[in-house]
Amino acid sequence: NYNFSGEIGFALQLGQALVVRAGVEGLQSKSIIATGTDVAGTTDYMNVDSKAVAFNPNLNFEFAFPNNGTSRFFIFGGVGYASLKVTNDYAVTAAGLGVYPTASAAYKETWSADVLNYSVGGGYEFFALDNVTLNIDAGWRFFDVAGFKYDSATTALRGGAIQNVAAGSTV
């Protein structure tokens, strides 16, 4: 299973050792498909197809160590502000409608959240051709998402009961 992502931006060298990188990153998860069953696990009550998308503008600062002119080692740190959206498509089976007769046979939920995220790491950049460099970096990103809220009002199956959920309420 693959998740799709990409980033576009620019780098601005502010001195011999300092580079500022600004960019926009997009992430999309592959569809996650799950089945809700009874307690024994023998009867399917619903199928769920879940997808997540993130849009993450970010700003990073790189500090380069002394180099030989054709390559450099560097460390970096940065911050981003991501907007995330999760979409869940539910399909309630005939057995599920027997247990929850007021449930809709199919419904969709969308949740969203905004979150600050942070990254630190290090890397190596070198000339591959006269005017082309290759950059290899590794690091750690703190991207803890909490506080998802419903994008729109919906009727949802929660905790074994049908509930009306208001737009903006916490998931």
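## Contacts of Leu-84

Leu-84 touches Val-53, Ala-54, Trp-111, Ser-112, Ala-113, Val-115, Phe-143, Val-145 and Phe-148, leaving aside residues up to four places away in sequence. Contact here means heavy atoms within 4.5 Å.

This is a predicted model: local features need pLDDT of at least 70, side-chain atom pairs count only at pLDDT 80 or more, and totals for chains, interfaces and linings use all residues. Residues are numbered from 1 along each chain as its sequence is written, and side-chain values use heavy atoms, with hydrogens and water left out.

## The nonpolar core

Leu-84 also belongs to the largest nonpolar core, which has 20 residues. Leu-84, Tyr-107 and Phe-148 have the most contacts inside this core. A nonpolar core is a set of buried Ala, Val, Leu, Ile, Met, Phe, Trp, Tyr and Cys residues joined through side-chain atoms within 4.5 Å. Buried means under 20% relative accessible area, exposed means over 50%, and partly exposed lies in between (1.4 Å probe, protein chains only).

Strand 4, strand 5 (71-92), strand 6 and strand 9 (154-158) each give two or more residues to the core. Strand 5 gives the most, with 5 residues. Helices (H or I, at least four residues) and strands (E, at least two) are DSSP runs, numbered from the N terminus. In soluble globular proteins, nonpolar side chains tend to be buried together.

## Strand pairing

Two strands pair if DSSP finds at least two bridges between them. Tyr-81 has Leu-116 of strand 6 as its bridge partner.

Strand 6 also pairs with strand 7, antiparallel, over 11 bridges. Trp-111 has Tyr-150 of strand 8 as its bridge partner.

## Aromatic pairs

The structure holds 10 aromatic pairs. Rings of Phe, Tyr and Trp (its six-membered ring) pair if their centres lie within 6.5 Å; planes under 30 degrees apart count as stacked, over 60 as edge-to-face and the rest as tilted. The Tyr-45 and Tyr-100 rings are edge-to-face, because their planes stand at 90°, with centres 6.2 Å apart. Tyr-45 lies in strand 4 (residues 44-64) and Tyr-100 in the loop between helix 1 (94-99) and strand 6 (106-129), so the pair ties together parts 55 residues apart in sequence. Both tyrosines, Tyr-45 and Tyr-100, are buried.

Trp-111 and Phe-148 make a tilted pair, because their planes stand at 55°, with ring centres 6.0 Å apart. Trp-111 sits in strand 6, while Phe-148 sits in the loop between strand 7 (132-142) and strand 8 (149-150), so this pair ties together parts 37 residues apart in sequence. Trp-111 is buried at 17% relative accessibility. Phe-148 is buried as well, with a relative accessible area of 17%. Elsewhere, Phe-73, Tyr-124 and Phe-126 form one aromatic cluster.

## Charges

A search of the whole structure finds 7 salt bridges. A salt bridge is a side-chain nitrogen of Lys or Arg within 4 Å of a carboxyl oxygen of Asp or Glu. Asp-137 and Arg-21 form one of them (3.7 Å, N to O). This pair links distant parts of the chain: Asp-137 is in strand 7 and Arg-21 in strand 2 (residues 18-28), 116 residues apart. Asp-137 is partly exposed, at 36% relative accessibility. Arg-141 meets Glu-25 in another, with the closest N and O atoms 3.0 Å apart. Arg-141 lies in strand 7 and Glu-25 in strand 2, so the pair ties together parts 116 residues apart in sequence. Arg-141 is partly exposed, at 38%, whereas Glu-25 is buried at 9% relative accessibility.

Lys-85 and Asp-151 also meet in a salt bridge (3.6 Å, N to O). Lys-85 is in strand 5 and Asp-151 in the loop between strand 8 and strand 9, so the pair ties together parts 66 residues apart in sequence. Lys-85 is partly exposed, at 39% relative accessibility. Asp-151 is partly exposed, at 32%. Salt bridges that share partners join Arg-21, Glu-62, Arg-72, Glu-125 and Asp-137 into one network. The charged end of Arg-21 also sits over the ring of Phe-76, 5.4 Å from its centre. Such a placement requires NZ of Lys or CZ of Arg within 6 Å of the ring centre and within 35 degrees of the ring normal.
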